[in-house]
Amino acid sequence: MNPRRNQAPVLQCTTVTPLPTGEALDALLAMPGGPDDAADHLADMPFVLCELGEHAEETEHAAHLWTAEEQPPPGLWFLWTGNDGGLRVHHRFATLTMCPARLHDLRKDSRQWCGLFEDHPGPHSFHVRDPLKELLHERTRREARRRTAGDDPGPDNKDDDEDRETP
């Protein structure tokens, strides 16, 4: 599959919903190639965020829970719809083949696979921007540069107001 070149990034959908943990555990345990530690895996997922790019209201939201190490790789997805008030109306778990699309960067000699399911709506995951994730990554990079430079400012340093928490 050849994704369109120079496609403009799309913002990620911001819909969040609680994950029905009992049902998710049942789905993971029933999935061939599911995790050995399914309960521990779900412990960090009380809520899930839709991983699709912005989409129409009637399109199901989708959150990836697990990918089995089989070929073609199946992934367990939590799909749901909501209403204008933000409440989840319908949900389901589905084992779906992962999208085969990949983005090749010849200059960097790298490739990136789409992290969504096959025949997903909207753009591939490598065309979806998550501004919050980008902000957190930039903050981590800035902190790493500061530490490797040996400049580890304390809480009294006035030059770094943007990283300080406000009361």
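The following legends describe close-up views of a predicted model.

**View 1. Salt bridge between R92 and E60.** The two side chains meet at 2.7 Å, N to O. R92 lies in strand β6 (residues 88–97) and E60 in the loop between β3 and β4 (61–67), so the pair ties together parts that are 32 residues apart in sequence. R92 is partly exposed, at 37% relative accessible area, and E60 is also partly exposed, at 23%.

View 2. R146 is buried, with a relative accessible area of 14%, whereas R147 is exposed, at 55%. E143 is partly exposed, at 24%.

**View 3. Salt-bridge network of E138, R141 and R145.** Salt bridges link these three residues. The count for the model comes to five salt bridges.

**View 4. Surface patch of negative charge formed by D36, D37, D40 and D44.** D36 is found in the loop between α1 (21–30) and α2 (38–43). Its relative accessibility is 85%, so D36 counts as exposed.

**View 5. Nonpolar surface patch of V16, F47 and L49.** Together the three residues have about 280 Å² of accessible area. L49 lies in strand β3 (residues 47–49) and is partly exposed, at 34% relative accessible area.

**View 6. Polar contact between the side chains of H120 and H124.** The contact is 3.0 Å. H120 is found in the loop between β8 (110–113) and β9 (128–129). With a relative accessibility of 9%, H120 counts as buried.

Notes: Residues numbered from 1 in each chain as written. Predicted model: local features only at pLDDT ≥ 70, side-chain atom pairs only at ≥ 80, totals over all residues. Heavy atoms only, no water. Patch = residues over 30% accessible without salt bridge, like charges linked within 9 Å, V, L, I, M, F, W, Y side chains within 5 Å. Areas by Shrake-Rupley, 256 points an atom, 1.4 Å probe, with all protein chains shown as cover. Salt bridge = Lys/Arg side-chain N within 4 Å of Asp/Glu carboxyl O. Lys, Arg positive; Asp, Glu negative; His and termini not counted. Charge placed at Lys NZ, Arg CZ, Asp CG, Glu CD. Helix = DSSP H or I, 4+ residues; strand = E, 2+ residues; numbered from the N terminus. Buried < 20%, exposed > 50% of the residue type's maximum accessible area, 1.4 Å probe, protein only. Polar contact = N/O pair within 3.5 Å; in protein donor to acceptor, adjacent residues only side chain to side chain.
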